Amino acid sequence: MLRILFAFILLLSFRVSAQHYYLTADRVFDGEVIHEGWAVLVQGDKIISVGPKEKVSAPSGSIKINYSNAMILPGLIEGHSHLLLHPYNETPWDDQVMKESDGYRMARATVHAKNTLLAGFTTVRDLGSEGAGYADVDLKKAINDKIIPGPRMIVAGRAIVSTGSYGPKGFDRDMKIMLGAEEADGDNLIKVTRDQIGNGADVVKVYADYRWGKSNEPMPTFSIEEMKFVVETSKSSGRAVVAHASTAEGMRRAVLAGVETIEHGDDGTQEIFELMKEKNVALCPTLAATEALIQYRGWKKGSDPEPEKIKKRKENFKIALQSGVTILAGGDVGVFAHGENVRELELMNEYGMNTVDVLKSATSINAKIFHIDATVGSVKDGLKADLIIVSGDPSKNISDLRKIKFVMKDGVIFKNE
Ligand SMILES: [Zn+2]
């Protein structure tokens, strides 16, 4: 009897004692707007109350965390990462795909995952393992199983390219070269899409164009009909399709086939952005990857004159902004260092988007586009406790997002300076 009573008390105390955290800072950005003098109450893995300090009280036994001259935000969401890649100025992409084993790449990825989380990015949409099979699916599992620290992951697995278009390329044809993604064409796209889903892809990525033109310029790959096979197959499993596309024609075909987001969109025109808006397709501009690649070729930002490509991207970003197409935040991180994710948000601001819109993009908008807004992306009661605190005020200076003081994911504190 005593034993049962003891067990009951233990159970009761465990239930009651799900720790409360009472977070305060000068400002709270809730995913939409900024509030002064608010508090956020967390219990277990959830946000249970948010509002003015007078209205949200701390239950006894709460752990109080207060930062002054600081802002509480939802955990940031990276819209385009490759945790299995590392910067191309360290090792060229070809060499990472062909020479680095999956085991080695996975070991690196565990560090990348940690750096991402500690930089305040509590969720990532990881768009392709680039030759590391389904290591992204396994990385996600290791994080979810709490083996290693890392962000929530939405993963694409191997991704799909048309035969003959993707790299690594340029070797003796007698050699069997492993590619950075899986080839498929025509009817076979249905089987490959199903196979990738079966292997754990949360989202299916297609390359609507790639650098396979006669002078290696980007040219469309799949037909609209081919991409429709992928979209319809994915849709019946409840998954979205996203498209790598930098040419206007590649973007147009992908949009008409029914993809949900366009990655890069370098040569998007007013007409294409308007089509995207009409079809409810979001743009992921990956400005940071473009800048990184040009810098790896020697451009010194700030001292050297601005390369044509950058001028064009700035112009193109302004057209996108004016068109009203939804812009999500994703930098193609992996091309540059994991943990440096804020770079994309800084560039979105530098290229003409106001700071609050950038903050929205990296939180509530990304969450909505990725269909996870009922779980994360806002500071709202009932949502998962994915919260960060930064010094300063990123609505005044976006780079204040680099001043990370506190990171909580799923109610667990990973950083508290
Ligand atoms: Zn990418």
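Colleague: Hi! Which residues touch the most other members of the largest nonpolar core?

Modeller: Those are Val 40, Ile 72, Val 206, Ala 254, Val 259 and Ile 262, in a core of 113 residues. Keep in mind that this is a predicted model.

Colleague: Thanks. Which helix gives the most to this core?

Modeller: Helix 12, residues 355-369, does, with six residues. The core also draws on both domains, taking at least three residues from each of domain 1 and domain 2.

Colleague: You mentioned domains. Where are the bounds of domain 1 and domain 2?

Modeller: In the domain assignment, domain 1 is made of 15-74 + 378-416, and domain 2 covers 76-340. Their C-alpha centres are 32 Å apart.

Colleague: And how many residues does the contact take from each domain?

Modeller: Eight residues come from domain 1 and seven residues from domain 2. On the side of domain 1 that touches domain 2, the elements giving two or more residues are strand 20 (404-409) and strand 21 (412-416).

Colleague: Changing topic to helices. At what angle do helix 9 and helix 11 cross?

Modeller: The axes of helix 9 (residues 287-296) and helix 11 (residues 342-350) cross at roughly 100°, and they come within 8 Å. The two helices are therefore roughly perpendicular to each other.

Colleague: Which residues meet there?

Modeller: From helix 9 there are Leu 287, Ala 288 and Glu 291, and they meet Arg 343, Glu 344, Leu 347 and Met 348 of helix 11. That contact has four nonpolar, no polar and three charged residues.

Colleague: Which residues of helix 11 are buried?

Modeller: Val 342, Glu 344, Leu 345, Glu 346, Leu 347 and Met 348 are. Helix 9 and helix 12 are among the parts that cover them. Just after helix 11, Gly 352 takes a positive phi of about 125°.

Colleague: What about Arg 105, is that one buried or exposed?

Modeller: Arg 105 is buried, because 23 other C-beta atoms lie within 10 Å and 20 or more is enough to count. Arg 105 sits in helix 3, residues 102-118. Leaving aside neighbours within four places in sequence, Arg 105 is in contact with Leu 84, Glu 100, Ala 132 and Ala 135.

Colleague: Now the backbone. What is the phi of Asn 280?

Modeller: Asn 280 has a positive phi of about 65°, although it is not a glycine. Most residues other than glycine have a negative phi. Asn 280 lies in the loop between helix 8 (270-278) and strand 18 (282-284), and is exposed, with 11 other C-beta atoms within 10 Å.

Colleague: And Asp 332, buried or exposed?

Modeller: Asp 332 counts as buried, with 26 C-beta neighbours inside 10 Å. Its phi is also positive, near 65°, and its place is in the loop between helix 10 (308-323) and helix 11.

Colleague: Last one: is the peptide bond from Gly 167 to Pro 168 cis or trans?

Modeller: That bond is cis, with omega near -5°. Pro 168 is in the loop between strand 11 (160-161) and strand 12 (182-183).

Key
Residues numbered from 1 in each chain as written. Predicted model: local features only at pLDDT ≥ 70, side-chain atom pairs only at ≥ 80, totals over all residues. Axes fitted to C-alpha atoms, helices over the stretch in contact; angles between N-to-C directions. Helix = DSSP H or I, 4+ residues; strand = E, 2+ residues; numbered from the N terminus. Parallel < 35°, antiparallel > 145°, perpendicular 65-115°, else oblique. Contact = placed C-beta atoms within 7 Å. Nonpolar A, V, L, I, M, F, W, Y, C, P; charged D, E, K, R; others polar. Core = buried A, V, L, I, M, F, W, Y, C linked by C-beta atoms within 7 Å. Buried ≥ 20, exposed ≤ 12 C-beta atoms within 10 Å, placed from the backbone. Domains from an automatic or database assignment.
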